[in-house]
Amino acid sequence: YGANPLPTRLQRLWDQAKHVLCGGFPYSEGIFEDLNKVICAGFFWNKEARAENTVREYLAWEFTPEVVEEVARAVALLERNYPRATWKREEVEEAYALLQQADRRLPERARKSWRWRILFLRALIDRELVAHGGEVSDHCDEAFEELIRLFHLEQGWRCVTPPSRAYLAREEARQRRAETLPPGAHQGV
């Protein structure tokens with residue numbers, strides 16, 4: 001569903017463990033957690049680092065210093081809305097509005113970067129799902145397709161691939177083909 005920034009959670013975990021840690025290597029499942037990896041690397045570099053400062057430095061470097069405040073606020077809202085059970089419509093709408101405002105002020109290289117796109121698409125998807133009672137709208141489906149391309153998941157596993165209509169149709173066709181193979185035939189194709 002796009003980026004999953006978790007600065008507050010990572011800060012809490014770091015504060016609980018930093019006294020017994022020295023350095024580290026952030027494990028990652030994909031580019032959707034790019035900001036989280038940068039936060040962890042900041043902790044490993046400086047035990048007293050603060051996640052909110054690292055977020056602001058990341059935003060200024062990757063996008064532009066002019067959008068740091070509104071995007072940092074949007075990141076905080078995206079984190080609060082990460083478990084979908086905790087969604088608050090007004091926070092989902094605010095995160096999307098903040099990122100829309102920032103999008104208009106970004107230099108073209110930043111607006112087209114995958115780092116920006118996964119953050120922006122996360123807010124767009126959240127907004128579309130909230131606005132349509134959890135149903136996938138056309139805009140949401142387009143965002144899923146863009147994420148699939150950005151994440152190189154055209155042939156990805158169902159558990160990690162955004163559920164676009166086209167992806168689900170490909171998966172259904174693959175399943176039908178697999179069901180027609182004779183017993184013992186290779187089904188990984």
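1. Let me start with helix 1, where Pro 7, Leu 10, Gln 11 and Trp 14 are buried. Looking down the axis of helix 1, you will find these buried residues within an arc of 100°, so they line one face of the helix. On the face turned away from that buried side, helix 1 carries the exposed residues Thr 8 and Gln 16. Please keep in mind throughout that this is a predicted model.

2. What do the buried residues of helix 1 pack against? Their partners are helix 2, helix 3 (51-62) and helix 4 (68-80).

3. Now to the aromatic residues. A search of the whole structure finds eight aromatic pairs. One of them joins Trp 14 and Phe 43: the ring centres are 5.1 Å apart and the planes are at 5°, so the pair is stacked. Trp 14 belongs to helix 1 (residues 7-17) and Phe 43 to helix 2 (residues 34-45), so this pair ties together parts that are 29 residues apart in sequence.

4. The rings of Phe 32 and Phe 151 are another pair to look at. Their centres lie 6.3 Å apart with the planes at 65°; an angle over 60 degrees counts as edge-to-face, so that is the label for this pair. Distant parts of the chain are linked here, since Phe 32 sits in the loop between helix 1 and helix 2 and Phe 151 in helix 8, 119 residues apart. Buried or exposed, where does Phe 151 fall? Phe 151 is buried, with a relative accessible area of 16%, because the cut-off for buried is under 20%. Phe 32, on the other hand, is partly exposed at 25%.

5. Two further aromatic features deserve a look. Tyr 58, Phe 63, Tyr 96, Trp 116 and Phe 120 form one aromatic cluster. Elsewhere, Tyr 1 has the charged end of Arg 84 sitting over its ring, 4.2 Å from the ring centre.

6. On to helix 8, which contains Glu 146. This residue has a relative accessibility of 19%; since buried means under 20%, Glu 146 counts as buried. Not counting residues up to four places away in sequence, Glu 146 touches Arg 117 and Leu 121.

7. His 152 counts as exposed, with 65% relative accessibility.

8. Ser 164 lies in the loop between helix 8 and helix 9 as well. Which residues does Ser 164 contact, leaving aside its neighbours within four places in sequence? They are Asp 141, Phe 144, Glu 145 and Ile 148. Ser 164 is buried, and its relative accessible area is 0%.

9. For helix 9 (residues 165-179), I went through the length. With 15 residues at 1.5 Å a residue, helix 9 should span 21 Å, and its end C-alpha atoms are 21 Å apart, which agrees. Its buried residues are Tyr 167, Glu 171, Ala 173 and Ala 178. These cover an arc of only 165° around the axis, which puts them on the same side of helix 9. They pack against helix 8 (138-151). The face turned away from the buried side of helix 9 carries the exposed residues Glu 172 and Glu 179.

10. My last point concerns Thr 180, in the segment after helix 9. Thr 180 counts as exposed at 64% relative accessibility, because exposed means over 50%. How far is Thr 180 from Ile 31 in sequence and in space? The two are 149 residues apart in sequence, and from C-alpha to C-alpha they are 35 Å apart in space.

Terms used. Residues are numbered from 1 along each chain as its sequence is written. This is a predicted model: local features need pLDDT of at least 70, side-chain atom pairs count only at pLDDT 80 or more; totals for chains, interfaces and linings use all residues. Side-chain values use heavy atoms; hydrogens and water are left out. Helices (H or I, at least four residues) and strands (E, at least two) are DSSP runs, numbered from the N terminus. The expected span of a helix is 1.5 Å times one less than its number of residues. Buried means under 20% relative accessible area, exposed over 50%, partly exposed in between (1.4 Å probe, protein chains only). The arc is that of the directions from the helix axis to the C-beta atoms. Contact means heavy atoms within 4.5 Å. Rings of Phe, Tyr and Trp (its six-membered ring) pair if their centres lie within 6.5 Å; planes under 30 degrees apart count as stacked, over 60 as edge-to-face and the rest as tilted. A charge sits over a ring if NZ of Lys or CZ of Arg is within 6 Å of the ring centre and within 35 degrees of the ring normal.
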